[in-house]
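Let me put the model up on the screen, and then we'll walk through a few parts of it together.

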Amino acid sequence: MKASTLISINDISVDYEIASGGGILKKAYLRAIQDISFVIKEGDTWSVVGESGSGKSTLAMALIGLITLSDGTINYNFNDQKITISSKKGKRKGMKSLWRKIGIVFQDPFSALDPRILIKDIISEPFIGHKIGKKTEVMKRIEKLLPLVGLRAEYLEYFPDQLSGGLRQRVSIARALINEPEFIIFDEPTSSLDVSLQAQILNLIKSIQRSTKLTYLFITHNLMVARYISENIIVMYLGNILEKGKTADIFEKPLHPYTQLLMASIPLPEPGYELKKPSAERVTQGSGITIPNGCVFHDRCPVATPYCGWTPDELITIIANELYNLTGERGISAEIISETSFDIHVVNGNIISEVKDIISRNSKFFKTFREGGNVFHIELFIPWKPRMIKVDEYREVKCILLDKEFK
Amino acid sequence: MIEEINKGSRKFQSPRWVSIKLTLKLLFRTPTSAAGFVIMLFYIGTALIMQFAPGLIGISDPGYMPPNFSNPFPIPPSIKYPFGTTYPGINLFPAVFKAIRIDVFSAIAIVGAGAIIGTLIGVVSGYKGKSVDQVMMRITDIFFSLPFLVLAMAIGFILGRTLNDIIIALIIVWWPIYARLTRGQTLYLKNELYVKYSMLSGNSTIKTLFKHIVPNTITPVLVQMSVDMANVILAIAGLYFIGFAATSPYLPELGSLISYGFPFALTAPWTILYPGLFLLMFALGMNLFGDGLRDAFNPKYRS
Amino acid sequence: MTRRNLNDLVTQESEADIILEVKNLNVHFFTRRGEIKAIRGINFYVKRGEVLGIVGESGSGKSVTALTLVDLLPSGIGCITEGDILLNGERISDTYKKEYRIIRRKKVKLSQKRTSRKVSNHVQNIRGHISMIFQDPLTSLDPLYKVKAQMIESIMYNNRKMLIKRILEKDDIKKNKKDLVELLNFKGIQAFSEKITNLYGPDGFHQELLMIENSSIGETEKKTRIVKALHALEPLDKHIIDSLNNQLNNLRKKVWRPNNSKKYRFTGKINRILLQEAELYSIELLELVDMPHPDKVMESYPHELSGGMKQRVMIALGVANKPDILIADEPTTALDVITQYQILYLLKTLNQKLGLTIIFITHDLGVMAAIADRILVMYAGKISEIGPTKYILSEPLHPYTRGLLQSAPSISNKQVDLYSIPGQVPDLLNPPNGCSFANRCSFATERCRNDPPTFNIKGRTVNCWLYEVKENES
């Protein structure tokens with residue numbers, strides 16, 4: 001029996017409004033996630049893996065309807081209801097019916113529970129708030145849940161600050177399960193816990209999944225946790241999905257350079273593990289407010305090509321960087337002519353040969369360069385916009401290098 | 001199964017009670033805050049006794065300070081008149097206690113009402129944000145920019161000079177601080193996860209506000225309230241002292257007592273000493289109590 | 001092999017190798033709820049030039065150990081109740097044997113009361129010898145000030161001697177310019193650097209030329225640049241040199257104490273020279289930690305830098321005073337995996353290139369594998385196991401270590417379910433008698449009611465009764 005589609009996410013994007021840099025009335029937006037599409041089937045377990053800033057939490061918020069989409073739609077196909085959210089201002093009522101069906105467990109166990117409310121009231125709040133049944137019924141449900149999440153009955157009468165972090169997360173999980181949802185989102189639930197507590201919670205989630213065939217989405221920054229807990233993985237970076245597919249496949253053969261870099265960076269607790277010189281040589285600089293033109297990963301990618309989306313600014317920075325490292329001087333000035341070409345003026349005549357050296361070494365990043373006296377004129381390609389490429393039934397990658405059309 | 005646990009063999013103390021005991025213990029941590037707490041208890045106790053059981057200390061007429069026109073000039077303190085008398089022959093000792101009752105209850109009414117109004121406005125303003133917030137805050141700013149005595153007097157001119165009118169005037173003056181205080185707290189609490197959960201659990205906005213946000217803003221509000229009591233009582237006394245509010249022997253009030261004794265200040269200092277002292281003690285005590293409360297709620301000391 | 005205690009094992013190692021020794025350290029926290037025995041008698045040593053990794057979960061006492069080593073325990077609350085810390089054989093810690101606070105009507109006085117002006121002896125002893133970097137790079141740097149100001153502040157405060165020496169040496173070099181240039185032209189760069197190192201020690205002008213030396217340009221070009229750099233130096237006035245020498249002598253006599261500043265107040269001009277030198281030194285430090293565009297970084301505010309860059313600034317500051325030991329308290333926990341890899345690589349390089357001894361604290365065994373030479377496992381305020389990394393990871397002796405290895409999801413962990421150690425960490429207010437891991441250990445027996453002593457097996461130490469038999473046998 002083929003599993004039916006539970007949630008289908010179609011090309012969604014979310015923008016955040018940020019304090020505008022250009023005048024009072026002009027608004028500036030930060031694109032938190034861009035053109036995300038995937039399909040969650042009943043009984044699936046999905047992981048979203050990414051660094052902080054990759055947009056995975058935003059994705060969770062969008063899925064649960066706490067954030068309005070700027071583009072795209074999400075279709076929910078629940079047992080008794082079909083709901084769609086889109087970028088038009090979502091009505092609160094519509095959201096309410098969505099919230100009945102989805103549970104969420106957040107990362108921080110300490111602010112997730114209101115310190116002035118008893119545990120039993122915290123767990124029963126979603127049940128009572130959505131008016132699913134009467135107060136007496138909820139106690140029966142809690143009784144059934146307690147052994148499932150491993151909480152002792154006496155904790156019901158406690159206040160949250162009497163419980164430890166691990167116990168609090170169990171309370172959050174119980175609260176998410178109380179309405180018997182069809183889908184749960186776990187937003188880094190174990191990031192603030194110790195390794196052994198993490199093991200307990202992960203085992204707990206797995207056992208719940210085995211007994212109730214729950215569908216869930218698990219967000220984490222730890223690839224190993226993702227591997228343990230889910231059958232499908234999405235790798236995100238700066239708001240884009242870079243690779244998507246079955247966990248086993250991706251671990252066996254990661255296709256995207258970013259995924260490969262992630263796998264190589266994980267230190268393994270094995271004797272004889274040795275650190276080699278890191279391949280992502282460029283240390284990132286500050287905030288990523290401007291979203292790059294071509295591929296989001298091109299400035300850190302070890303195998304980047306000229307088509308991957310270089311801007312004149314980035315290349316100028318790279319060249320100036322190398323020049324400084326080499327000679328200790330900054331004797332160049334740059335002039336940007338257009339989006340795809342720029343000039344480099346060498347001020348100090350002595351270092352022309354070095355500059356030429358550097359430019360020719362970096363020529364793999366641009367189309368051509370021309371030398372005229374003290375000036376180097378550099379031409380770039382128009383960046384290719386990468387798309388999600390379907391490698392096989394479950395696997396998709398977003399990389400120019402794998403795009404057959406691109407060749 | 002669940003009900004059985006409540007009657008467990010282990011002595012189970014309700015956590016709320018435990019936290020109240022902890023607060024009390026912390027209040028006695030330093031001598032100043034203990035003193036403040038005791039003083040506050042004294043005044044509120046006095047006010048309550050005077051209100052409900054004045055006979056306990058032998059006072060029959062809590063609302064009236066009988067003048068004695070046959071001997072109107074101030075008599076120094078003696079056994080018969082422990083605090084002496086003040087101008088129209090009023091025996092200061094019972095008068096002070098009667099005045100405490102009126103003052104304390106008025107202060108409680110003003111601060112309480114102000115806190116309630118201010119909290120409501122502040123929480124709604126902080127939670128809704130955007131235009132509602134801006135409008136509310138500009139209104140609050142207007143109130144802040146006016147010196148409170150002037151504002152109180154202006155309102156008094158409109159409404160009248162009786163005690164009730166003064167109380168209303170001072171409530172109008174006093175709510176903005178609570179609005180600002182709770183708005184700041186709400187802005188912070190808005191981002192706490194449990195508030196988001198509350199929305200996800202299907203609670204309407206009002207329910208979320210009252211169930212989750214307001215209880216968590218109580219702590220700084222309580223501290224502010226105790227400090228405000230001191231300021232409010234000085235304001236009331238001030239208004240009576242300058243004669244803006246109508247004084248009369250039927251309204252025992254510390255400020256009016258001082259105003260009666262003021263012309264005789266040099267020759268009969270006890271006339272202003274005793275009411276002034278009790279006024280000062282109240283203000284001091286409430287300030288110390290407020291400080292002590294703030295320290296008692298400080299999470300660092302609570303663990 | 002008869003049972004020996006740790007001290008004997010230590011004396012086996014050559015005395016000169018041990019840089020830090022901790023003997024029977026007990027640290028208690030005096031709080032409202034009672035006396036928390038955070039560390040209950042730990043013994044270990046750190047060899048010069050190695051990376052020691054301290055692994056443990058929250059509540060194990062690993063962070064407290066680090067804070068104790070640098071005397072950063074919350075004052076009045078945490079103190080060493082017993083035990084010693086020895087740096088290069090000298091005792092550096094203060095023990096407040098009788099320090100208790102008012103707990104439940106028991107009133108005892110603090111013994112050595114510190115005035116607000118006096119800096120504790122412990123801190124004096126470790127200044128310049130032990131540095132520390134912390135977990136959260138976000139809050140380690142003050143957001144109000146530029147990076148330049150913060151780096152210069154630390155260097156000026158702690159290392160005036162070094163700065164003054166550098167300035168004087170540079171001045172010296174300028175005087176001997178001609179000779180050195182000749183030497184350079186005739187004998188080459190190698191001889192040149194050797195001569196400078198001989199004359200002025202590894203701190204001298206030599207450092208500035210490191211960058212030029214290491215780059216990939218031609219020999220003649222390098223020589224021209226060095227000559228140019230030499231010529232570019234301006235000599236200082238005589239009276240400045242005199243006062244600098246003066247101060248150097250003063251500093252040599254006494255340990256630098258804050259608030260005695262009257263004796264060491266510098267005039268404006270000298271201060272400026274020192275500041276310039278401190279700036280140059282800061283840039284060198286930033287280059288040492290592989291920071292791109294150090295000059296731009298110096299001029300930026302902390303919020304303009306990424307987490308990895310901020311951590312590099314912290315490492316640069318940590319290394320600035322050429323400490324004997326650098327303590328890193330979970331420096332990569334707040335960073336993403338890729339940056340973590342870079343920082344680990346950086347630390348390992350510093351360890352190998354400069355011979356910097358590092359104590360690395362973390363809860364992640366994978367990170368330990370990458371960077372540590374020896375691993376120390378802590379649990380509930382006591383040490384479970386110490387040993388070389390490869391042995392601890394391949395043959396963990398203590399049941400707790402074994403449990404830890406099995407509960408981390410990783411590629412090597414091919415189980416269906418992660419092993420999770422049952423039970424919870426014991427409450428340190430009332431730590432259990434006997435082995436603290438006994439209530440969660442699947443191998444616990446009657447013996448475990450008593451605290452297990454330390455057993456030495458093949459150069460490793462374990463605190464577990466399971467190994468008593470083995471020791472007697474071998």
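Let's start with two helices of chain A, helix 3, residues 119–129, and helix 5, residues 165–177, whose axes come within 7 Å and cross at roughly 30°. Please keep in mind throughout that this is a predicted model. The crossing of helix 3 of chain A past helix 5 of chain A is right-handed. Which residues meet there? From helix 3 of chain A we have I119(A), I122(A), I123(A) and P126(A), and across from them, in helix 5 of chain A, are V171(A), A174(A) and R175(A). By class, this helix 3 and helix 5 contact in chain A has 6 nonpolar residues, no polar ones and 1 charged.

Staying in chain A, let's turn to a sheet. Here 4 strands make an open, antiparallel sheet, and the order is 11-12-14-13. Why is one side of strand 11 and of strand 13 left without a neighbour in the sheet? Strand 11 (332–338) and strand 13 (368–372) of chain A stand at the edges, so each has a single partner strand. On average, neighbouring strands of the sheet are turned by 20° against each other, ignoring direction. If you zoom in on strand 11 of chain A, you'll find it paired with strand 12, residues 341–346, in the antiparallel sense over 6 bridges. One pair to look for is I332(A), whose bridge partner in strand 12 of chain A is V346(A).

Now for the other chains, beginning with chain C. Here 45 residues of chain C are in contact with 40 residues of chain A. On the chain C side, at least two residues each come from helix 9 (206–214), helix 15 (307–320), helix 16 (337–354), helix 17 (365–371), helix 18 (389–394) and helix 19 (399–407). Helix 16 of chain C gives the largest share of that side, 7 residues. Sorted by class, the chain C side that touches chain A has 25 nonpolar, 14 polar and 6 charged residues.

And finally, chain B. Its contact with chain A takes 18 residues from chain B and 24 from chain A. Helix 1 (2–6), helix 8 (193–200) and helix 9 (205–241) of chain B each supply at least two residues of the side touching chain A. Which of these helices gives the largest share? That is helix 8 of chain B, with 5 residues. The chain B side that touches chain A divides into 9 nonpolar, 7 polar and 2 charged residues.

Definitions and conventions: Residues are numbered from 1 along each chain as its sequence is written. Chains are lettered from A and ligands numbered from 1 in the order in which they are written. This is a predicted model: local features need pLDDT of at least 70, side-chain atom pairs count only at pLDDT 80 or more; totals for chains, interfaces and linings use all residues. Two residues are in contact if their C-beta atoms, placed from the backbone, lie within 7 Å. Ala, Val, Leu, Ile, Met, Phe, Trp, Tyr, Cys and Pro count as nonpolar, Asp, Glu, Lys and Arg as charged, and the others, Gly among them, as polar. Axes are lines fitted to C-alpha atoms, for helices over the stretch in contact, and angles run from 0 to 180 degrees between N-to-C directions. A crossing is left-handed if the near helix is turned anticlockwise from the far one by less than a right angle, and right-handed if clockwise. Two strands pair if DSSP finds at least two bridges between them.
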